[in-house]
Amino acid sequence: GYSFVQDGEIDAEELQRCLTQTGISGTYTPFSLETCRIMIAMLDRDMTGKLGFNEFKELFAALSGWKQNFMMFDQDRSGTVEPHEMTQSISAMGYRISPQALNAVIKRYSKAGRIYFDDYVACAVKLRALTESFRRRDQMQQGAVNFQYDDFILCTMAI
């Protein structure tokens, strides 16, 4: 079972402990605090900096999917994927982004030319959250939105 604190919500440090206890990372490196903060921001709709139990379950389901996706591309079980595999993986998640944007994403999340599971998850979370905020604003599905400056800062900072 998950050890939820008394108020029924967990912050980034508690999330990190929880995820380590569940063993979701398997043989991969445990999640950094920064990745845990990003995961909370993705689902923290009431902006408390914490996750409730239902949000935790939603996160756990998403993590399981990302782990399967990562393992499909990490065939040598090195705990990392290469940039070209990351490109395939992002397409497999259903994102359609330009080669330039892909390149920027890969640069941002790779260490020594490879992408580790922890950074892979941080990237998947960010893509999902940014895509969701974009879609909420693109109600006509035109693929373009107008941002107020403050709204833009909030959007990108929250993630």
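1. Helices H2 and H6 are roughly parallel to each other, because their axes cross at roughly 20° and angles under 35 degrees count as roughly parallel, over 145 as roughly antiparallel, 65 to 115 as roughly perpendicular and the rest as oblique. The model is predicted: local features need pLDDT of at least 70 and side-chain atom pairs pLDDT 80 or more, while totals for chains, interfaces and linings use all residues. Residues are numbered from 1 along each chain as its sequence is written, and side-chain values use heavy atoms, without hydrogens and water.

2. The axes of H2 (residues 33–43) and H6 (residues 117–137) come within 9 Å; axes are lines fitted to C-alpha atoms, for helices over the stretch in contact, with angles from 0 to 180 degrees between N-to-C directions. Helices (H or I, at least four residues) and strands (E, at least two) are DSSP runs numbered from the N terminus. The crossing of H2 and H6 is left-handed, meaning that the near helix is turned anticlockwise from the far one by less than a right angle; clockwise would be right-handed.

3. On the H2 side, the contact with H6 is made by Thr35, Ile38, Met39, Met42 and Leu43. H6 contributes Asp118, Val121, Ala122, Val125, Arg128 and Ala129. Contact here means heavy atoms within 4.5 Å. By class, the contact of H2 with H6 has eight nonpolar, one polar and two charged residues; Ala, Val, Leu, Ile, Met, Phe, Trp, Tyr, Cys and Pro count as nonpolar, Asp, Glu, Lys and Arg as charged, and the others, Gly among them, as polar.

4. H2 also packs against H3, where the axes come within 10 Å and cross at roughly 120°. That angle makes H2 oblique to H3, and the crossing is right-handed. Met39, Met42 and Leu43 in H2 meet Glu55, Glu58, Leu59, Leu63 and Trp66 in H3. This contact divides into six nonpolar, no polar and two charged residues.

5. The largest nonpolar core has 41 residues, a core being a set of buried Ala, Val, Leu, Ile, Met, Phe, Trp, Tyr and Cys residues joined through side-chain atoms within 4.5 Å. Those with the most contacts inside the core are Leu15, Leu19, Phe31, Met39, Leu63, Trp66 and Val121. Two or more residues come from each of H1 (12–22), H2, H3 (53–73), H4 (83–92), H5 (99–109) and H6, and H6 gives the most, with nine. Beyond its neighbours within four places in sequence, Leu63 is in contact with Leu19, Ile24, Phe31, Met39 and Val121.

6. Ser89, in helix H4, counts as buried at 1% relative accessibility; buried means under 20% relative accessible area, exposed over 50%, and partly exposed in between (1.4 Å probe, protein chains only). Setting aside residues within four places in sequence, Ser89 is in contact with Asn69, Phe73 and Tyr120. Asp119 of helix H6 is buried, with a relative accessible area of 14%, and touches Tyr109 and Lys111 when residues up to four places away in sequence are not counted.

7. Backbone geometry: Ala112 has a phi near 50°, a positive value in a residue other than glycine. Ala112 is in the loop between H5 and strand S4 (115–116) and counts as exposed at 85% relative accessibility. Gln141 has a positive phi of about 55° although it is not a glycine. Gln141 is found in the loop between H6 and helix H7 (149–157) and counts as exposed at 71% relative accessibility.
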